[in-house]
Amino acid sequence: MPDKIKIATTSLAGCFGCHMSLLDIDEKFIDLVELVEFDRSPLTDIKKISDCDIGLVEGAVANSENVEVLRDFRKHCKTLIAVGACALNGGIPAMRNHFTLQECLEESYVDGMGLDNPGIPDDAELPMILNRVYPVQQVVKVDYVLPGCPPPAEMIWNVLSALLEGREPVINARDIHYD
Amino acid sequence: MPAFKIDDQEVEFIPGQSVMQAALAADIYIPHLCFHEDFKAHGSCRICLVMQNGRYLSACTIPAVEGMDIINIRDDVQEQRKQLLELLFIEGNHVCPSCEKSGSCSLQSVAEFCGLLSPSLPFMYPNRSVDASHADFLLDFNRCILCELCVRASRDVDGKSVFGISGRGSNAHLVVNSADGKLVSSSFEKTDRAASICPVGVILPKHRGFKVPIGKREFDVTAINERRENDAG
Ligand code: SF4
Ligand code: SF4
């Protein structure tokens, strides 16, 4: 039996909604796991990515850990797919781009409501927050983009099944939604 | 009646009609944003570009001429439109999932129709404000595409000139004609034509947010190209 196609998935600055949409392919998920093996993914809890055929990236790039994970995905995945509005244009996380990082941090950790011990966290373990939130394709080369918040399960399935069968995915205009 | 062709289809026209007007009358969809049947063509968004005799022309401003052979829907033409649409997206802040206009927005629907999947240019994330001063209406300048439909409606129909475009090039932006620049201090009223003309999510009525859920809105139900006319509002 040939090796199964390996898929990795991750959520950067996202809400896991795109992952939920992937799960929304319902019983097709059973077909999918017959054909593929999940590598690094919240579904497997594997923390380190190895060489994969397809990488699905949800969410925008907001901190140094996101950059590291994304570059790692690009390095290890033959085909990288940016999934969802945040990956595509920064989405809701990028709404902080109109404020300085200082303002954002103060709003959350200093002036925010109901704070017990106000102060901007500075633990060395914490990833550095980027000055701005970036869309995925502004940091690495992306092979396909699936718009939507989240992209409908059907669209994710259509693209994945096309790639699994070695076909070029076709996204019909009527299936494109940015919301 | 004189006639010309759009994508090999015969289209009759009344002399004086633009290519766009003749197309609309014949139920042929040419993607557009700044054009509106009720107003004089503005020709600024260029989304309605079509190919005639190897050249790109904007369908809303060229008069229909007997024997024209217009190309409307073809990959290379759609590609040009996608690039123009992309610029509109990257020059503003369009967060569709949190926009009240989503699903009934012409920019969104035209881009979906043209197959814009992702931009290739970096986003500008301009710093633009929101004007919530008026009791009934909200202005979210983040989404303005400078189509001047509100400018035309307010000036030509309402006789008020509440809206205008100020600045040049990438500094061009929508302004409100009042002493402090706020909508509440202008003569704007909710019954104005300008109140319901914006094709995107800038001039929005308050107290109605998400009354119609996303997925059940105008263009979710009928795609923009399948409607008989583009009366955004
Ligand atoms: S105005 Fe249209 S394109 Fe812009 S955010 Fe709203 S729905 Fe999206
Ligand atoms: S506010 Fe709306 S109608 Fe007015 S110029 Fe901007 S996009 Fe056009």
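Modeller: The model is predicted. The lining of the largest pocket divides into 9 nonpolar, 6 polar and 9 charged residues.

Biologist: What is the volume of the largest pocket, and which residues are closest to its centre?

Modeller: Its volume is about 490 Å³. Of the 24 lining residues, B:Glu100, B:Lys101, B:Leu204, B:Pro205 and B:Arg208 are the closest to the centre. Strand 10 of chain B provides the largest share, 3 residues.

Biologist: Why does B:Phe4 count as buried?

Modeller: Buried means under 20% relative accessible area. B:Phe4 has 1% relative accessibility, so this residue counts as buried. B:Phe4 belongs to strand 1 (residues 3-6) of chain B.

Biologist: Which residues does B:Phe4 touch, not counting those up to four places away in sequence?

Modeller: Contact means heavy atoms within 4.5 Å. Among the residues that B:Phe4 touches on those terms are B:Val11, B:Phe13, B:Val19, B:Val65 and B:Met68. B:Glu66 is 62 residues from B:Phe4 along the chain, with 5.3 Å between their C-alpha atoms.

Biologist: What classes of residue make up the shell around ligand 2?

Modeller: The shell has 11 nonpolar, no polar and 1 charged residues. Residues surrounding ligand 2 include B:Cys144, B:Cys147, B:Glu148, B:Cys150 and B:Cys198. Cys counts as nonpolar and Glu as charged.

Conventions: Residues are numbered from 1 along each chain as its sequence is written. Chains are lettered from A and ligands numbered from 1 in the order in which they are written. This is a predicted model: local features need pLDDT of at least 70, side-chain atom pairs count only at pLDDT 80 or more; totals for chains, interfaces and linings use all residues. Side-chain values use heavy atoms; hydrogens and water are left out. A residue is near a molecule or strand if one of its heavy atoms lies within 4 Å of it. On a 1 Å grid over the protein atoms alone, a cavity is a set of points where a 1.4 Å probe fits but cannot get out, and a pocket is an open set with protein on both sides within 12 Å along at least five of seven lines; lining residues have an atom within 4 Å of a point. Grid points are joined across faces, edges and corners, and a volume is the space filled by probe spheres set on the points. Helices (H or I, at least four residues) and strands (E, at least two) are DSSP runs, numbered from the N terminus. Buried means under 20% relative accessible area, exposed over 50%, partly exposed in between (1.4 Å probe, protein chains only).
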